[in-house]
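Please look over this structure with me.

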Amino acid sequence: MSQDLKKTASNGHEKMLISQEQHAKINEVRSLIGPLSDKASVYCSDASISRYLRSRNWNVKKATKMLKQSLKWRKEYKPEEIRWEEVAEEAETGIMYRPNYHDKYGRSVLVMRPCCQNSKSTQVQVKYFVYVMESAILNLPPHQEQVVWMVDFKGFKLSDISFKVTREIAHLLQEYYPERLGLAIMYNAPMIFQSFLSMVKPFVEAETFNKVKFVYSNDHNTQKIMEDLFDMNNLESAFGGNGVTVTGDDINKFAERMKEEDNKKHSFWTQTKSLPSVAHNAPLDSVRLDADSDASNNEKKDCSPVPIKP
């Protein structure tokens with residue numbers, strides 16, 4: 001694997017090994033935030049505050065301001081309370097889903113297929129993105145806190161993608177999910193998409209934009225990115241792997257998994273009063289929930305449990 005990809009993939013683990021000075025800054029941010037509600041207290045784990053500090057180059061004032069804005073957004077938007085029934089109509093075409101495999105570093109994977117977009121509503125599309133993003137974070141194993149996006153451009157038309165929605169999602173990702181994106185793979189993106197991307201670039205931070213990688217099925221050099229990051233037996237054939245590409249029936253299975261996970265989320269967030277010591281002091285701020293998972297086995301043996309990572 002290239003050094004660039006290794007560095008990107010390992011960020012979710014290595015960056016959590018913090019120094020005493022950095023830990024002092026985490027405590028300083030916590031002090032500046034002040035008293036928190038139960039849910040906000042769980043969200044403001046050491047790992048979470050560390051992500052905000054890293055995204056602002058360990059500047060305490062800037063990180064505190066950013067985190068306060070996130071807490072305000074979460075209080076108003078309530079992302080942890082979104083349930084499958086609210087987004088099922090948007091999901092039914094397979095526009096976006098979380099498959100049953102992680103990459104070799106244990107990162108959750110989100111698959112997006114723009115040609116399957118069935119809604120023109122910015123509000124609906126953004127809500128579904130938030131729901132799936134929360135699900136991906138919930139399913140991260142210990143020692144990892146990032147997500148990999150894979151966008152399949154088969155059948156893509158420029159009308160399948162909205163500038164307004166893309167800008168809104170970029171804003172949410174950068175302001176409310178800092179340091180969560182590990183890599184964004186654009187698979188077989190047509191030249192016309194490059195024009196769209198140039199329009200979006202001014203609204204995307206350089207660090208985020210640099211995580212976008214273009215992979216083409218007829219280019220061995222770029223296809224090697226997939227081989228380096230995934231067990232090819234798990235990876236869907238749509239991305240050059242040997243696994244089965246998700247179909248409509250599989251989306252129904254995904255729906256069942258999401259409903260089960262909705263119950264786990266409810267259990268977690270209603271037990272916040274008993275979890276402050278875990279949320280603040282656990283090495284990776286993960287809380288395992290006792291439930292079966294049908295996630296596929298891969299090179300990371302601890303990928304199948306379902307932890308919560310605020």
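The points below take the pockets, then the rings.

1. Ground rules. This is a predicted model, where local features need pLDDT of at least 70, side-chain atom pairs count only at pLDDT 80 or more, and totals for chains, interfaces and linings use all residues. Residues are numbered from 1 along each chain as its sequence is written, and side-chain values use heavy atoms, with hydrogens and water left out.

2. The largest pocket. Its volume is about 790 Å³. A pocket is an open set of points on a 1 Å grid over the protein atoms alone, where a 1.4 Å probe fits, with protein on both sides within 12 Å along at least five of seven lines. The volume is the space filled by probe spheres set on the points, which are joined across faces, edges and corners.

3. Its lining. There are 36 lining residues, and M112, W149, I161, T166 and I169 lie nearest the centre of the largest pocket. Lining residues have an atom within 4 Å of a point. Helix α8 gives the most, five residues. By class, 24 are nonpolar, eight polar and four charged. Here Ala, Val, Leu, Ile, Met, Phe, Trp, Tyr, Cys and Pro count as nonpolar, Asp, Glu, Lys and Arg as charged, and the others, Gly among them, as polar.

4. The second largest pocket. It holds about 330 Å³ of space. Of its 15 lining residues, S37, A40, L71, K72 and K75 are the closest to its centre. Helix α5 brings the largest share of this lining, five residues. The classes are six nonpolar, one polar and eight charged. Helices (H or I, at least four residues) and strands (E, at least two) are DSSP runs, numbered from the N terminus.

5. A stacked pair. The structure holds 15 aromatic pairs. The ring centres of W73 and Y176 are 4.6 Å apart and the planes are at 10°, so this pair is stacked. Rings of Phe, Tyr and Trp (its six-membered ring) pair if their centres lie within 6.5 Å; planes under 30 degrees apart count as stacked, over 60 as edge-to-face and the rest as tilted. W73 is in helix α5 and Y176 in helix α8, 103 residues apart. Both W73 and Y176 are buried (under 20% relative accessible area, with a 1.4 Å probe and protein chains only).

6. An edge-to-face pair. F129 and W149 have ring centres 5.7 Å apart and planes at 90°, so they pair edge-to-face. F129 sits in helix α7 and W149 in strand β3, 20 residues apart. F129 and W149 are buried.

Methods
Buried means under 20% relative accessible area, exposed over 50%, partly exposed in between (1.4 Å probe, protein chains only).
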